[in-house]
Amino acid sequence: MPTADARRHLPSVDRVVEAMADISLPRALLADVARNSIDAARARSSDEPGAEVPDHLAIIDSARADARALASSLLQRVVNATGVLLHTNLGRAPLDVGSVSVGFEIATGYSNLEYRMDTGTRGSRHEHAGSLLARACGAEAGIVVNNNAAAVLVMLAALARGREVVISRGELVEIGGGFRIPDVMSESGARMVEVGTTNRTRVSDYRAAVGPDTALLLKVHTSNYRIEGFAEATAVGALAALGPAVAYDVGSGLLDATTPWLEAPPGWLAEEPGVRQVLSEGADLVTFSGDKLLGGPQGGVIVGRRPLVDEIARHPLARAVRADKLTLAAFQAVALAYLSGQADALPLWRMASTPVTVLEDRARRLAEPLEGVEPVATEAVIGGGSIPGTGMPSFGVAARAPGRRADEVQAALRRGGVVARIDDDAVLCDLRTVDPTEDGFLAAALKDALAQGSA
Ligand SMILES: *Cc1c(COP(=O)(O)O)cnc(C)c1O
């Protein structure tokens, strides 16, 4: 057959789209994928003179593979079997059903977002979640913005633009994903004044740096590293006596270091700063992350003295980074859970406080009917940047398939919607981050992943 004819024998876009009818994507997207696959076949046949008529089935197969890859790239629920409770790439804290349904209820209708029901006048979106969160940690006032990075930025811009902010050289933190204190500081227009050294900063260092241009003394929780050995940091109380307002970016600590919502504060939480304690020691403002610290939705919370919080809320940047009604509704539900002593029901705390024996039982039941899967003791951690050795005892299952590499099994598991890690040449699924209602799904995905390639 002459080669020029080969192109005429390409399947139509409609024909390829029809062959993908079982993949649930809008027709426009399936047509894009079909067209790409046909174009690639056309390019191949003109590259190779004398090439065979393009194989329709091969074109359809490649279009189907692309369509499936596209479908799996869409935002969707996955099973987190990594044992990292606040996994930034997997959406940090899972929300509790109650909070989400309150948000759903409020957001599917109109609401009093910025309206006072008692007087019929304009209100503020900070009167609901912001006030409740402030109450929950003993602050005068509070607001919620898009995330903690935004909270720090707007705080600095509103209170310190063109003025000085004093900070210890041991606290110039970088959080994953591009949050670096010196960069945020310069974006805000504040002038950073570094004091002390990497390992030791004393109150006298701060005192020497305070002048007429000092707007704030800023402390930052070193949430993803520790400085140990010959180290010294300055307590909030000592800074509060120096004059300028003290702000503390707690980020991922605790709402209350005594964790009244847990039976006993677990060892792996020791040394995490509490927002309530930091405020009572004299901090004027505290910023923290709604998902990392509360187990709530993504958001940045600013709590502290009312005049300062009000000034921040009035800044144009606060308007640009404000939280939306769905987020505020979920925050309100989370704040109410803390206030009513029921924060232990939030998924983060439920996962963190599950006894290891319960996880071991689940692991044994899950592994029992599956060949190549065995229960193993593991260590779960609170966040991706957790300090080594600060994990919590956990239990999971290890999966091995003879003749296959662990990363192949891991990839097959991912295609089934499960994210696991590799340890000791086995695929490890930690059950602390898997909801018990997901165990059946996980078992089926494991069975599938282990069966693939064994034919
Ligand atoms: C996580 C963190 C941030 C950034 O918070 P996001 O909510 O991710 O924007 C800032 N500061 C500290 C100390 C943190 O731990």
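**View 1. Elements that line the second largest pocket of this predicted model.** Strand β10 (214-220) and helix α11 (275-280) each supply at least two residues of the lining. The pocket has a volume of about 580 Å³. Its lining counts 29 residues, and the closest to the centre are Glu171, Lys219, Thr222, Ala233 and Tyr248. By residue class, the lining divides into eleven nonpolar, eleven polar and seven charged.

**View 2. Charged ends over aromatic rings.** The charged end of lysine 219 sits over the ring of tyrosine 248, 5.8 Å from the ring centre. Both residues are among those closest to the centre of the second largest pocket. The charged end of arginine 200 sits over the ring of phenylalanine 230. Here the distance to the ring centre is 3.8 Å.

**View 3. A cluster of aromatic rings.** The count of aromatic pairs comes to two. In one, tryptophan 261 and tyrosine 338 have ring centres 5.0 Å apart and planes at 85°, so the pair is edge-to-face. Tryptophan 261 lies in the loop between β11 (245-251) and α11, and tyrosine 338 in helix α15 (residues 325-339), so the pair ties together parts 77 residues apart in sequence. Tryptophan 261 is buried, with a relative accessible area of 8%. Tyrosine 338 is buried too, at 10%. Ring pairs link Trp261, Tyr338 and Trp349 into the cluster.

**View 4. Proline 182 in helix α8.** This helix spans residues 181-188. Proline 182 is partly exposed, with a relative accessible area of 30%. Beyond its neighbours within four places in sequence, proline 182 is in contact with Leu172 and Met192. The C-alpha atoms of proline 182 and isoleucine 167 are separated by 9.9 Å. Along the chain, these two residues are 15 residues apart.

Definitions and conventions:
Residues numbered from 1 in each chain as written. Predicted model: local features only at pLDDT ≥ 70, side-chain atom pairs only at ≥ 80, totals over all residues. Heavy atoms only, no water. 1 Å grid on protein atoms, 1.4 Å probe; cavity = no way out; pocket = protein on both sides within 12 Å on 5 of 7 lines; lining within 4 Å. Points joined across faces, edges and corners; volume = space filled by probe spheres on them. Helix = DSSP H or I, 4+ residues; strand = E, 2+ residues; numbered from the N terminus. Nonpolar A, V, L, I, M, F, W, Y, C, P; charged D, E, K, R; others polar. Buried < 20%, exposed > 50% of the residue type's maximum accessible area, 1.4 Å probe, protein only. Contact = heavy atoms within 4.5 Å. Phe/Tyr/Trp six-rings, centres within 6.5 Å; stacked < 30°, edge-to-face > 60°. Lys NZ or Arg CZ within 6 Å of the ring centre and 35° of its normal.
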